[in-house]
Amino acid sequence: MFSWLGKDDRRKRDPEVFQTVSDGLRKLYKTKLLPLEEHYKFHEFHSPALEDADFDNKPMVLLVGQYSTGKTSFIRYLLEQDFPGMRIGPEPTTDSFIAVMHGDIEGLIPGNALVVDPKKPFRKLNAFGNAFLNRFVCAQLPNPVLESISVIDTPGILSGEKQRISRGYDFAAVLEWFAERVDRIILLFDAHKLDISDEFSEVIRALKNHEDKIRVVLNKADQIETQQLMRVYGALMWSLGKIVNTPEVVRVYIGSFWSHPLLIPDNRRLFEAEEQDLFKDIQSLPRNAALRKLNDLIKRARLAKVHAYIISSLKKEMPSVFGKENKKKELINSLGEIYSRIEREHQISPGDFPNLKKMQEQLQAHDLNKFQPLKIKLLDAVDDMLAHDIAQLMILVRQEETQRPNQVVKGGAFEGTMNGPFGHGYGEGAGEGIDEVEWVVARDKPMYDEIFYTLSPVNGKVTGANAKKEMVKSKLPNTVLGKIWKLADIDKDGMLDDEEFALANHLIKVKLEGHELPSELPGHLVPPSKRKLPE
């Protein structure tokens with residue numbers, strides 16, 4: 001008796017066991033979420049069904065920007081080689097979506113052939129028709145960067161209503177489709193043209209639910225002076241603030257992302273630091289890919305649940321015989337009130353609901369009588385997935401990250417700064433003097449010695465209390481001074497001799513100049529007399 005109850009209890013105590021995260025996501029989607037989506041026509045309203053390739057594909061980076069902001073040059077800079085179909089120029093050159101992916105043989109695959117390939121994650125793009133598919137290609141080439149990520153180049157966005165209509169397909173809808181599936185969205189701006197066109201504003205709004213994936217690059221920043229750059233950066237943040245309506249500030253990277261000499265090299269160090277930060281962000285994508293797919297599935301499941309409540313509520317209100325059309329108009333007009341009721345009844349956050357205006361437009365084309373009533377079993381399956389199975393997958397995500405800690409993007413521009421003395425910060429700060437024969441601290445040691453002998457050294461050493469009186473004059477926090485003491489007290493006797501005292505002052509100078517302290521003392525900073533001390 002009540003055997004079904006016992007089975008359900010056992011199921012909740014013992015969730016599904018999966019071998020890999022992508023395998024688990026695929027199974028959960030097909031068994032738990034897809035039945036709910038199909039039952040309530042989710043794919044007709046929001047997003048096409050996911051396929052195997054969506055769970056197995058490499059991380060993708062989507063580049064979006066107005067014409068001549070350097071999108072194609074940016075890809076060329078990352079890969080350090082040309083790719084098929086590449087065209088670069090000051091005029092609008094890229095008029096197609098180009099998926100730049102890894103392949104053993106260099107070549108182009110046209111859009112119509114691309115959307116029938118089950119190994120590529122683009123099959124559902126056939127819904128946008130030939131007008132789009134004639135403007136969609138895949139450029140394949142053997143490149144080490146593309147072994148870890150794929151890059152999507154997009155047509156340059158122009159201003160004016162005419163341009164949007166003449167495309168022949170819904171540009172913003174295509175970008176929204178990509179935004180759901182990519183791992184990073186990079187918006188490129190030209191430091192000389194910050195005006196955000198109507199179509200670009202529409203595109204940014206289409207990316208509204210994917211703010212966590214968006215990064216902004218202010219490109220061609222080497223073409224303007226420092227003072228102008230400050231004003232341009234401020235103007236960009238102000239413009240973005242009006243469109244990206246979030247309390248968090250969007251991360252903006254400033255630089256010149258191509259292989260030509262800097263026109264104005266004054267901000268070279270800034271550009272190097274910004275490039276390193278952006279590269280680290282892109283390099284982390286393979287390691288975080290499983291977590292991103294898990295996050296996107298949870299987001300999709302929440303929307304699917306809300307959609308089910310909306311569709312079933314509309315079905316419940318529809319008359320079975322007379323007055324169907326009038327009732328349909330009435331329900332669509334009062335959809336906001338239906339949203340509020342569902343929000344109260346099921347304790348759902350307002351942020352989980354689809355866009356009201358867009359939903360009203362889509363409902364006009366549907367027969368509300370053909371919608372399905374609420375089926376609790378389907379919703380319970382999704383709740384069970386979110387409550388139990390996702391927790392298991394989170395553990396598996398951490399395990400996969402631990403097993404593959406060095407899974408980063410390699411090759412191309414990512415290797416450039418690792419060769420020779422051109423890594424960010426090489427020869428600066430604590431790295432100053434790294435290639436010199438003479439001990440770099442010796443340059444200022446006579447000055448430090450004068451201070452040292454005023455601190456009453458005993459047997460050639462000053463005590464911690466006496467050294468502290470001098471070191472605190474730097475006004476650095478005790479935590480920083482404590483770290484400097486630990487690095488400078490090489491023989492660990494709790495006192496400083498003249499060389500160690502000079503080293504401590506050198507490290508204070510490094511910190512006051514705005515550089516980071518090393519976690520361990522570099523070999524070139526060890527005083528010559530201490531270099532042969534046993535470990």
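Over the ring of which residue does the charged end of Arg251 sit? The ring is that of Tyr253, and the charged end of Arg251 sits over it at 4.2 Å from its centre, where a charge counts as sitting over a ring if NZ of Lys or CZ of Arg is within 6 Å of the ring centre and within 35 degrees of the ring normal.

The model is predicted, so that local features need pLDDT of at least 70 and side-chain atom pairs count only at pLDDT 80 or more, while totals for chains, interfaces and linings use all residues. Residues are numbered from 1 along each chain as its sequence is written, and side-chain values use heavy atoms, with hydrogens and water left out.

**Aromatic residues**

Rings of Phe, Tyr and Trp (its six-membered ring) pair if their centres lie within 6.5 Å, with planes under 30 degrees apart counted as stacked, over 60 as edge-to-face and the rest as tilted; by this rule there are 20 aromatic pairs. Trp177 and Phe178 form an edge-to-face pair, because their ring centres are 5.2 Å apart and their planes stand at 85°. Arg181 lies over the face of Trp177, at 4.1 Å from the ring centre. One aromatic cluster includes Trp177 and Phe178 together with Phe97 and Phe136.

The table gives relative accessible areas, for which buried means under 20%, exposed over 50% and partly exposed in between (1.4 Å probe, protein chains only).

| Residue | Relative accessible area |
|---|---|
| Gly111 | 1%, buried |
| Trp177 | 4%, buried |
| Phe178 | 0%, buried |

**Nonpolar cores**

A nonpolar core is a set of buried Ala, Val, Leu, Ile, Met, Phe, Trp, Tyr and Cys residues joined through side-chain atoms within 4.5 Å. The largest has 49 residues, and among those touching the most other members are Phe97, Phe178 and Phe189. Helix H9 (residues 171-181) gives the most to this core, with six residues; helices (H or I, at least four residues) and strands (E, at least two) are DSSP runs, numbered from the N terminus. A second, separate core of 44 residues includes Leu50 and Leu393.

**Strand E4 and its surroundings**

Five of the six residues of strand E4 (residues 136-141) are buried, so the strand is largely enclosed by the rest of the structure. Strands pair if DSSP finds at least two bridges between them: E2 (residues 97-102) and E4 pair in the parallel sense over six bridges, whereas E3 (residues 107-110) and E4 run antiparallel and are joined by four. Phe97 stands opposite Phe136 in E4, and Pro110 has Val137 as its bridge partner there. Gly111, in helix H6 (residues 111-114), is in contact (heavy atoms within 4.5 Å) with Leu133, Phe136 and Val137, leaving aside its neighbours within four places in sequence.
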